[in-house]
Amino acid sequence: MSLLSDLINLNLSDSTEKIIAEYIWIGGSGLDLRSKARTLPGPVTDPAKLPKWNYDGSSTDQAPGDDSEVILYPQAIFKDPFRRGKNVLVICDAYTPAGVPIPTNKRFNAAKIFSHPDVVAEEPWYGIEQEYTLLQKDTKWPLGWPVGGFPGPQGPYYCGAGADKAFGRDIVDSHYKACLFAGINVSGINAEVMPGQWEFQVGPTVGIAAGDQLWAARYILERITEIAGVILSLDPKPIQGDWNGAGAHTNYSTKSMRNDGGIDVIKKAIEKLSLCHKEHIAAYGKGNERRLTGRHETADIHTFSWGVANRGASVRVGRDTEKAGKGYFEDRRPASNMDPYVVTSMIAETTILSKS
């Protein structure tokens with residue numbers, strides 16, 4: 001095993017200019033991540049200089065067997081924390097051979113929205129709070145929970161420490177450092193309210209980079225849990241009953257919101273969101289109705305609400321923003337399994353491009 005470890009950690013730059021690029025894409029469910037590696041002649045930092053590639057879409061539920069080729073377009077590059085050296089992770093989106101984005105390619109439409117001159121001028125910033133649950137591999141029961149049973153009620157676990165309160169910290173810390181190594185702007189981590197549940201925050205990021213970085217962070221977490229023999233769950237309500245669900249609260253601001261008088265822009269944006277509540281909910285993640293019940297720090301899925309420092313509202317405005325008269329707001333509705341390309345671009349489209 002020590003030899004295997006030595007081989008895994010070989011530094012290729014000692015013997016060759018070649019690098020390994022791990023091409024990553026989103027599979028047919030819209031949530032599963034797939035990847036495969038290829039050798040390149042030398043280091044690359046610009047995704048436009050990477051070759052396109054293809055894969056068998058019939059094996060990912062993204063193409064029929066008699067016309068199975070799907071083309072990968074490289075879109076974002078990150079340093080590879082697993083192979084290290086000059087090796088890279090490559091976030092890709094997927095197209096037919098004719099250049100048409102396939103249905104699960106949500107990045108394509110998001111990029112169109114983020115390249116709109118009015119959106120570019122507003123420099124939309126995002127901070128996404130990705131909650132997730134770690135499950136025991138054999139039982140698919142939360143990490144740290146007694147098999148077939150339940151821990152003590154919620155209360156001591158949120159931001160807690162201790163063997164009876166925090167479960168999986170080695171995985172969480174490994175992920176934190178791996179993301180920073182990769183070049184992902186992870187701004188923090190914390191243990192969540194339900195034991196076995198954690199959160200990392202990506203941001204602030206601008207525009208399409210929010211989606212690229214969150215998907216890359218999810219991929220790295222999948223790989224780390226694979227190594228640890230633990231299952232990653234992004235289910236918005238993994239355990240029914242008196243337990244918190246898992247969300248992906250999305251913090252958002254535009255240049256106008258960050259400038260003096262921005263609070264009025266924020267209120268107008270929230271008003272626009274209220275008028276499109278059903279459309280946003282429909283796009284904010286599968287199974288979200290199990291989470292947005294009006295309990296456990298959520299608003300009821302059927303009713304839009306907002307408030308200052310109110311974690312039971314659809315949208316929360318922070319005390320600091322209210323006091324300063326400018327800043328950002330938090331959309332608390334997105335589920336943990338949401339597609340960040342969809343959510344971030346939809347918020348920008350509604351608040352910046354909508355004339356209502």
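# Pockets, bridges and helices

Visitor: How much space lies in the largest pocket?
Guide: The structure here is a predicted model, and the value is computed from it. The pocket's lining takes in 35 residues. The space inside comes to about 590 Å³.

Visitor: Which residues lie nearest the centre of the largest pocket?
Guide: Strands 6 (125–136), 7 (186–191), 8 (197–206) and 10 (248–253) each give two or more residues to this pocket's lining. Of the 35 lining residues, those nearest the centre are E129, E199, N251, R316 and E330.

Visitor: Which element gives the largest share of the lining of the largest cavity?
Guide: The search turns up 3 cavities of 30 Å³ or more, and the largest holds about 70 Å³. Its lining includes W25, C92, R107 and Y341. Strand 1 and strand 5 (88–95) both supply at least two lining residues. The largest share, 3 residues, comes from strand 5.

Visitor: Are R107 and D212 buried or exposed?
Guide: The cut-off for buried is under 20% relative accessible area. By that rule, R107 and D212 are both buried.

Visitor: In the salt bridge of K165 with D164, what is the relative accessibility of D164?
Guide: The closest N and O atoms of K165 and D164 are 2.9 Å apart. K165 is partly exposed, at 25% relative accessible area. D164 counts as exposed, because its relative accessibility is 53%.

Visitor: How many residues apart in sequence are the parts tied together by D235 and R290?
Guide: These two form a salt bridge, with the closest N and O atoms 3.0 Å apart. D235 is in the loop between strand 9 (230–233) and strand 10, and R290 is in the loop between helix 8 (277–283) and strand 11 (306–308). The pair therefore ties together parts separated in sequence by 55 residues.

Visitor: Which residues do salt bridges that share partners join into one network?
Guide: The whole structure has 14 salt bridges. Bridges with shared partners make one network of E22, D80 and R83.

Visitor: What length is expected for helix 5 at 1.5 Å a residue?
Guide: Helix 5 covers residues 209–228, 20 residues in total. Of these 20, 14 are buried, so the helix is mostly covered. G229 follows the helix with a positive phi, near 70°. From first C-alpha to last, helix 5 reaches 28 Å, close to the expected 28 Å.

Visitor: Which peptide bond is cis, with omega near 0°?
Guide: The proline concerned, P204, is found in strand 8. The cis bond runs from G203 to P204.

Visitor: What is the relative accessibility of H296?
Guide: H296 has a positive phi, near 55°, though it is not a glycine. It lies in the loop between helix 8 and strand 11. H296 counts as buried, because its relative accessibility is 17%.

Visitor: Does D61 count as buried or exposed?
Guide: D61 lies in the loop between strand 3 (53–56) and strand 4 (69–79). Its phi is also positive, near 65°. At 65% relative accessibility, D61 counts as exposed.

Visitor: Which residues make the nonpolar surface patch of about 310 Å²?
Guide: One member, L10, lies in the loop between helix 1 (2–8) and strand 1 (19–26). The patch is made by L3, L7 and L10.

Key. Residues are numbered from 1 along each chain as its sequence is written. This is a predicted model: local features need pLDDT of at least 70, side-chain atom pairs count only at pLDDT 80 or more; totals for chains, interfaces and linings use all residues. Side-chain values use heavy atoms; hydrogens and water are left out. Patches are made of residues with over 30% relative accessible area and no salt bridge: like charges are joined within 9 Å, nonpolar side chains (Val, Leu, Ile, Met, Phe, Trp, Tyr) within 5 Å. Accessible areas come from the Shrake-Rupley method with a 1.4 Å probe; for residues, only the protein chains shown count as cover. A salt bridge is a side-chain nitrogen of Lys or Arg within 4 Å of a carboxyl oxygen of Asp or Glu. Helices (H or I, at least four residues) and strands (E, at least two) are DSSP runs, numbered from the N terminus. The expected span of a helix is 1.5 Å times one less than its number of residues. Buried means under 20% relative accessible area, exposed over 50%, partly exposed in between (1.4 Å probe, protein chains only). On a 1 Å grid over the protein atoms alone, a cavity is a set of points where a 1.4 Å probe fits but cannot get out, and a pocket is an open set with protein on both sides within 12 Å along at least five of seven lines; lining residues have an atom within 4 Å of a point. Grid points are joined across faces, edges and corners, and a volume is the space filled by probe spheres set on the points.
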